[in-house]
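Hello,

Here is the structure I promised to pass on. Please open it first and keep it beside you while you read my notes.

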Amino acid sequence: MPTIRLQTNRNTSVRQTPKSSVGLSALFVIKGFFLACLRRLRDIKPWTLLAVLFAMHFFGAFLLKGYLTFRHLERLVPFFVLALGCVFCLWASRHDSKAKGSTFMRAVPVGLYAFFIVAMSHQPFKGVSLPVSGNAFHPVLYACFAFLWGWFRLPSVQTRSLLRFVLGILIPGILFALSDEWHQSWVPGRSCSLLDVFLDVIGLCIGSAGLLAFLQWAPLWHPSRLEKPVQEWTNVKVSARSP
């Protein structure tokens with residue numbers, strides 16, 4: 001008797017469809033979450049973003065291994081400065097119409113952050129073990145410093161070119177980095193290094209580029225939004241007259 005063989009066509013695409021659909025769904029979810037985060041970042045108030053910046057530094061300082069020791073009161077100074085900067089920016093965010101047009105109000109965050117950098121540089125590294133190299137913090141710190149310094153000088157964009165605006169961030173930032181390195185040479189366990197200055201310049205360039213990106217992308221960061229709107233209140237009397 002001849003043997004009869006039955007051949008069935010297996011549709012492999014049917015088995016692969018559920019896996020591929022799950023993968024596509026995950027990609028759509030990730031894409032939607034990423035776009036939502038970008039929209040929230042674009043529409044966030046400048047003062048709120050600065051408050052988040054100070055808060056991230058505050059909690060990041062707590063995560064440094066070996067640095068969190070309250071036996072030395074001088075190590076609490078940077079934490080206090082960061083907390084003060086976060087509270088001030090939150091207060092300014094609630095009074096945005098009053099704060100964004102004030103030069104003094106915009107100078108407070110960059111002043112506090114500069115004092116934070118100096119306070120950190122004044123800390124001796126004896127008995128302190130960091131999870132990563134200390135050189136990794138230089139670009140981050142000076143990128144934030146450039147961002148805050150640019151926020152302070154933001155109204156000058158309307159009267160000056162972007163090149164002069166960026167140079168107005170880089171030149172004072174480099175001078176501040178050089179002075180801070182000279183200050184570290186007097187701190188026990190610290191030294192002055194040209195490599196640190198080079199890393200600081202990289203951070204200044206990154207912070208300047210980030211601020212320029214916000215100027216072009218986020219409408220609330222446009223320099224024209226810093227001008228105080230002039231509102232004149234007039235009393236309108238409404239009277240009803242019978243015809």
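Let's start with two helices. H7 (residues 162–184) and H8 pack at an angle of about 150°, and their axes lie 10 Å apart. (Axes are lines fitted to C-alpha atoms, for helices over the stretch in contact; angles between N-to-C directions run from 0 to 180 degrees.) H7 is therefore roughly antiparallel to H8. (Under 35 degrees counts as roughly parallel, over 145 as roughly antiparallel, 65 to 115 as roughly perpendicular, and the rest as oblique.) Their crossing is right-handed. (That is, the near helix is turned clockwise from the far one by less than a right angle; anticlockwise is left-handed.)

Before going on, a word on the source. This is a predicted model, in which local features need pLDDT of at least 70 and side-chain atom pairs count only at pLDDT 80 or more, while totals for chains, interfaces and linings use all residues. Residues are numbered from 1 along each chain as its sequence is written, and side-chain values use heavy atoms, with hydrogens and water left out.

**The whole protein**

The protein has eight helices and zero strands. (Both are DSSP runs numbered from the N terminus: helices are H or I with at least four residues, strands are E with at least two.) From the N terminus on, the elements read α-α-α-α-α-α-α-α. There are 243 residues, and 35% of them count as buried. (Buried means under 20% relative accessible area, exposed over 50%, partly exposed in between, with a 1.4 Å probe and protein chains only.) The accessible surface comes to about 16300 Å². Carbon and sulfur atoms hold 67% of that surface. Now take the contacts between residues at least 6 apart in sequence: 78% of them join residues at least 24 apart. (Contact means heavy atoms within 4.5 Å.)

**H6 against H8**

How do the axes of H6 and H8 cross? They come within 6 Å and cross at roughly 45°. H6 covers residues 137–152, and H8 covers residues 194–217. The angle makes H6 oblique to H8. The crossing is right-handed. On the H6 side, the contact includes His-138, Tyr-142, Phe-145 and Trp-151. On the H8 side, the partners include Asp-196, Leu-199, Gly-203 and Phe-214. The residues of this contact split into twelve nonpolar, six polar and two charged. (Nonpolar covers Ala, Val, Leu, Ile, Met, Phe, Trp, Tyr, Cys and Pro; charged covers Asp, Glu, Lys and Arg; the others, Gly among them, are polar.)

**H5 against H6**

H6 has another neighbour to look at. The axes of H5 and H6 come within 8 Å and cross at roughly 165°. H5 is therefore roughly antiparallel to H6. Here the crossing is left-handed. H5 brings residues including Arg-106, Val-110, Tyr-113 and Ile-117. H6 brings, among others, Leu-141, Phe-145, Trp-149 and Phe-152. The contact of H5 with H6 counts 16 nonpolar residues, one polar and one charged.

**Single residues**

- His-138 lies in helix H6. Is it buried or exposed? At 12% relative accessibility, His-138 counts as buried. Leaving out residues up to four places away in sequence, His-138 touches Glu-181, Gln-184, Asp-196, Leu-199 and Asp-200. His-138 and Phe-198 are 60 residues apart in sequence, yet 9.1 Å apart in space, C-alpha to C-alpha.
- Asn-135 sits in the loop between helix H5 (103–121) and H6. Asn-135 is partly exposed, with a relative accessible area of 31%. Leaving out residues up to four places away in sequence, Asn-135 touches Leu-195, Asp-196 and Leu-199. Asn-135 and Leu-199 are 64 residues apart along the chain, and 7.5 Å separates their C-alpha atoms.
- Trp-182 is in helix H7. Its relative accessible area is 55%, so Trp-182 is exposed. Trp-182 and Ser-193 are eleven residues apart in sequence and 9.0 Å apart in space, C-alpha to C-alpha.
- Met-56 is in helix H2 (residues 46–62). Met-56 is exposed, with a relative accessible area of 58%. Met-56 and Cys-86 are 30 residues apart in sequence and 9.4 Å apart in space, C-alpha to C-alpha.

Best wishes

Methods: Areas by Shrake-Rupley, 256 points an atom, 1.4 Å probe, with all protein chains shown as cover.
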